[in-house]
Amino acid sequence: MTSMEYTFKHLVFDIHPKNPPDWDRPLCVIDQGIACNDDYLFKYNRYRKHKSEELANETLKKYNFIADRWETIKCKDLPTCFKLTSILLSGNLIIIHGGKDFEHINEYSFQLFIGNLSKKNQDNCVEFEEICSTDGIPITEYGQPVHIDGKFIYSLNGTSEHKNEMDVYRLDLCTKKWQLLCQARGQHPRTDESLRREVAYYDNHLYMFGGAHVMILLKIMFLDTFEEIQVFDILTNKWQYFKTLPDLQNSSSTYPADRCYYGWAQCVTQPEYVYMSGGSDNYNFFSDIWRLNLITLQWCNLMPCKLPKSMFLHSSTVVPSGRIYYYNGIVSTDSIDIHQKDDILCAWVRIPKLKAMSWDAILYYFKNQMLKSSLEDLKNLGLPSEYYESIIKAKTLV
């Protein structure tokens, strides 16, 4: 047991250890989606070829937060050749969406694959089912912002030939049919040639932020401001534009600076809040963290909380208990030292329930002892069933 007294740390970052062996850790790949529950971080991997080496095939991995170790999820019928994919988690359902063919750089995919993590076949594999594109859904896109709400998955057009438009699609997970909700091509202002946008979902609305407008011939990129956002009403199938409100508590920086390549995450248990972090404007690299209230549309700079280092092209997600996680990305310590990192960073961005806070304290004091205890001793501790199951899962990895 540690001699240091446990203290709950709100908006303070920790770095998860990189436990051996090295070959069990995923390939360090930037701009690849992640998803989390309170036990695991999930990461979809793809092939990587380095010089004369063979292609590496890792597919799907998960990181156990208690054991601090990665493990591979055996999968069936899940391609391993896509990058720039989106990954969603809803209960035991894991969804891999979109992507860009790594070997054939001009080939994109609108494919979507669904697997149930709680169901495995006789080979101990999670079987994935492909939901095929129908009803004129485009198949030449990648990097689509996607969100899940109940039985529906919402997707905006991704990038194709350096353009990014605002067509909105919805997939019904029950009927497995796509529906075009809005075809925005050329019908709305500022809906084309916009890259690197992020989207949040709340109360039958899709909120779209940021992005960059690219003039390819002139090799110029203009960044969108965060003072105005575009909102899609799912009930009326129309886009609208709204002004956001500044952080009135921060006189030095009332709005996030214009940027792209930032981290973006929404808390499932507090869906009215979204979190933006880091990013770059191609000249400066950021470490600040902002929260937007989707009800009031007001920004809040979470200073003095910052990323440990300036970072961009990183993945982020918030677990149900209220802890935000960042993974991968490019770190900048100055204008010269720019390098890729595969650290897992985490911080509490909301005050959790007392039960979750108590479990955090128990792990702080007794994690090693519980991982070494017998199943009989663990049962006698009287842990809540979900925490008992979490320790059992972690014990298999240490």
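Biologist: Which residue meets Glu386 in a salt bridge?

Modeller: A salt bridge is a side-chain nitrogen of Lys or Arg within 4 Å of a carboxyl oxygen of Asp or Glu. In this predicted model, which is numbered from 1 along each chain as its sequence is written, local features need pLDDT of at least 70 and side-chain atom pairs count only at pLDDT 80 or more, while totals for chains, interfaces and linings use all residues. Side-chain values use heavy atoms, with hydrogens and water left out. Here the side chain of Glu386 meets that of Lys355, at 2.5 Å from N to O. Helices (H or I, at least four residues) and strands (E, at least two) are DSSP runs, numbered from the N terminus.

Biologist: How many salt bridges does the rule give?

Modeller: The count comes to seven. One of them joins Asp39 and Lys393, with 3.5 Å from N to O. This pair links distant parts of the chain, 354 residues apart: Asp39 is in the loop between β2 (34-36) and β3 (40-44), and Lys393 is in helix α3 (residues 385-395). Lys393 is partly exposed, at 34% relative accessibility.

Biologist: Where do Asp172 and Lys151 lie?

Modeller: Asp172 and Lys151 also form a salt bridge, their closest N and O atoms being 3.4 Å apart. Asp172 is in strand β16 (residues 168-172), whereas Lys151 is in the loop between β12 (146-149) and β13 (152-156), 21 residues away. Asp172 counts as buried at 12%, while Lys151 is partly exposed at 39%.

Biologist: In what order do the strands of the open sheet stand?

Modeller: Two strands pair if DSSP finds at least two bridges between them. Four strands form the open sheet, in the order β12-β13-β16-β17, with antiparallel pairing. The edges are β12 and β17 (177-182); each has a single partner strand, so one side of each is left without a neighbour in the sheet. Between β12 and β13 there are four bridges, and Asp149 has Phe152 of β13 as its bridge partner.

Biologist: Which strand pairs with β23?

Modeller: Strand β23 (residues 228-233) pairs with β24 (residues 238-243) in the antiparallel sense, over six bridges.

Biologist: What describes a pair of aromatic rings?

Modeller: Such a pair is described by the distance of the centres and the angle of the planes. Rings of Phe, Tyr and Trp (its six-membered ring) pair if their centres lie within 6.5 Å; planes under 30 degrees apart count as stacked, over 60 as edge-to-face and the rest as tilted. This structure holds 21 aromatic pairs. The ring centres of Trp290 and Trp299 are 6.2 Å apart and their planes are at 90 degrees, so this pair is edge-to-face. Both Trp290 and Trp299 are buried.

Methods: Buried means under 20% relative accessible area, exposed over 50%, partly exposed in between (1.4 Å probe, protein chains only).
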